[in-house]
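Here is a short report on one structure.

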Amino acid sequence: MSALRNVRAPQLPWPLAVSSVLLVAALMAACSGAKSAFGEECDSFQPNLDDPFHAVNRTLTDPSPLDWPTADPGTVGLDSAVLEQAAEEVALSPMTASLLVVRNGKLVFERYFNGFDATDANNVHSLSKSILSVVTGIAIDEGHLTLDAQVGDVLPPNLVVNHGELTVRDLLTMAGGLEVPEPDTNYEWQPSTVPGEPSLVRAVLASPRVVAPGTEFAYNTGLTQVLAAMLTEATGMSLCQYAADRLLGPLGIDVEGWHVEPGGYLSGGFDMFMTPREIARFGQLVLDEGALGGDQIVSSSWLDQSLSPRWDLGCVQYPPIPMRYGYLWWGYDIGGHEVWIASGYGGQDMMIVDDLDLVAVITHDTTEIGGARVPMRALFYELLLQAVHGQAPPTEPTECQSSVFTLATVAADGSTPPSPVPGWPANTAGPFSPGAERLAYTELYLDYWDLYTISRNGTDIRRVTRDAVPDAMPSWSPDGTMLAFVRGEPGQSDLYLINADGSALTQLTDLDGYAHAPAWSTDGTRIAFIWGHGDIRGWGHPGELWVIDRDGSNLRQLREAPTTNPIWSPDGRQIVFDSITAAGRIGLLDLDTGTVSDLGLGFFPRWSPDGTRIAFAALDEAGGSDIFSMAANGTDRVQLTDDPNFDGLPSWTPDGTTILYWTTLAPSEV
């Protein structure tokens, strides 16, 4: 039989023994019962012998894209202008392939990018886990499996190396308790001439046990392959044929590619190729509680179970929201809405928002590595909610923010106590322009780190850069008309110049390694910066101190020892900087003599307008930091703040009487 088809020839639930004749007859009957438009194509899916555990990453073609009933966004209560803005934003990424929005069962917005169109079927990766969840529910509805069915009772003994007590529930909730090789899923394998080898199912079940099953969440793609094998054995059909007959075929979904491991089992939670319209059609079925026309494809009770939180996973960084997990579904609370997302590697996301009757799909090209990819939760938070409600969700801190940066002021001589600036937008911190009229900062928007400026009163936000490449560490020119900044990943970046209004972008350096922390000379003719090499994770890492002329010429080294945060003195003759130690020390470089003076403990040094004093931050015994000032020679240190927060990034007002700084406060205090 394996000579006729490489799709897994399912074995009847073990240990029931049958003759080979009866087994063949049962298989033929199961195969002939498939009603899907693509059921006969299941046999065409073949193992990838060069890499038996992963599909070849490519783009396939569906010559007959699904038809959808359509409507104008305005007729279903969506702002078309905001949807177009969403399309413009996601188009910044060279990896974006599609953006679709469905409301009230109508396809109201559909855009394709970077050469993709409705006929392109990409690898949806782990988005297929949520499809597997629904297929599992159908099998349970039909009595083939139960949530308590154990691996050892369903799979052949030769595959169950260990962990036969794992249940379907354990696999659906990522609670197998096994050692997890994610995110790479690189289970070890060796080429083999033995039929069915290497086996991903066996490799997973040979993994060491870490904790008891069902006790901890640990994302493990291998568990879904075990579940796929259980479905195959329990239903007596290949996963492709069962899904085609019961779920995908009735929806009109024609899977263009499906990875098969050498053992014959189709992948259960990865490496399935679908078009964006097909993904949306699946999402609409779930939104419609499993009903299609007059047919109940999967029970609504199963979907209720699947989309109920099984694990509270804490918070995601952006947007700062709580995250949970159901039966192979990711859940979030975003802007007052319960959101469930089927998500795959590289930005393959399908979102369901029941109370808005909304389905949205975003896909990306994963045939190449690199490039920003927009997560659906961020797109929904920043723009799709605006399309629904006409405004962005509240920006007040959530329970997912342990602390937020806010602007505060203190008198430079310590004569008045520190005072937070009322109404300042949370986490908006950076250097002020020379006149302290505007502040420049970096903000994550969708998946892009871009530069913004904001007025001193916390209003009039202006976007300066707009690109899928990370931008960071802005520095104002002395006349306040330009910004020098860092562009690129932290370990491979260069310096750029741009006008404060976002015009006239110019690349200043083209260096191996990273260029960080640009600082203008007082006359605006030179820029000091940090140049280093290495695999680093954040901007501001120390390196050698260099200087370059504003026109990109005359590159030269000023200091070889590890340095960061350079700032030029008002008279242009000295540079103050952080000299890297565990507690932080401030150094002073005399540009005329090349000598370096140690000014004592501290970091983030900033010159006063007249050059006589330096404001800085220093660690305190509680693990936070406070703002200080000292004379330019390191004497007369005066503590200006005394609190358990992290106070840093001081700036002087032009008259030298006030220091502005950033402090972290608990959300309830802001």
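In which helix is the place of Phe-282? Phe-282 sits in α9, residues 276-287; helices are DSSP runs (H or I, at least four residues), numbered from the N terminus. This is a predicted model: local features need pLDDT of at least 70, side-chain atom pairs count only at pLDDT 80 or more, and totals for chains, interfaces and linings use all residues. Residues are numbered from 1 along each chain as its sequence is written, and side-chain values use heavy atoms, with hydrogens and water left out.

**Phe-282.** Phe-282 is buried because its relative accessibility is 0%; buried means under 20% relative accessible area (1.4 Å probe, protein chains only). Beyond its neighbours within four places in sequence, its contacts include Ser-130, Ile-131, Leu-247 and Trp-329. Contact means heavy atoms within 4.5 Å. Met-350 is another contact.

**Cavities.** The whole structure holds four cavities of 30 Å³ or more. A cavity is a set of points on a 1 Å grid over the protein atoms alone where a 1.4 Å probe fits but cannot get out; lining residues have an atom within 4 Å of a point. Volume is the space filled by probe spheres set on the points. The largest cavity has about 50 Å³. Its lining includes Ile-131, Trp-258 and Met-272. Helix α3 gives the largest share, four residues.

| Helix supplying at least two lining residues of the largest cavity | Residues |
|---|---|
| α3 | 128-141 |
| α8 | 239-251 |

Notes: On a 1 Å grid over the protein atoms alone, a cavity is a set of points where a 1.4 Å probe fits but cannot get out, and a pocket is an open set with protein on both sides within 12 Å along at least five of seven lines; lining residues have an atom within 4 Å of a point. Buried means under 20% relative accessible area, exposed over 50%, partly exposed in between (1.4 Å probe, protein chains only).
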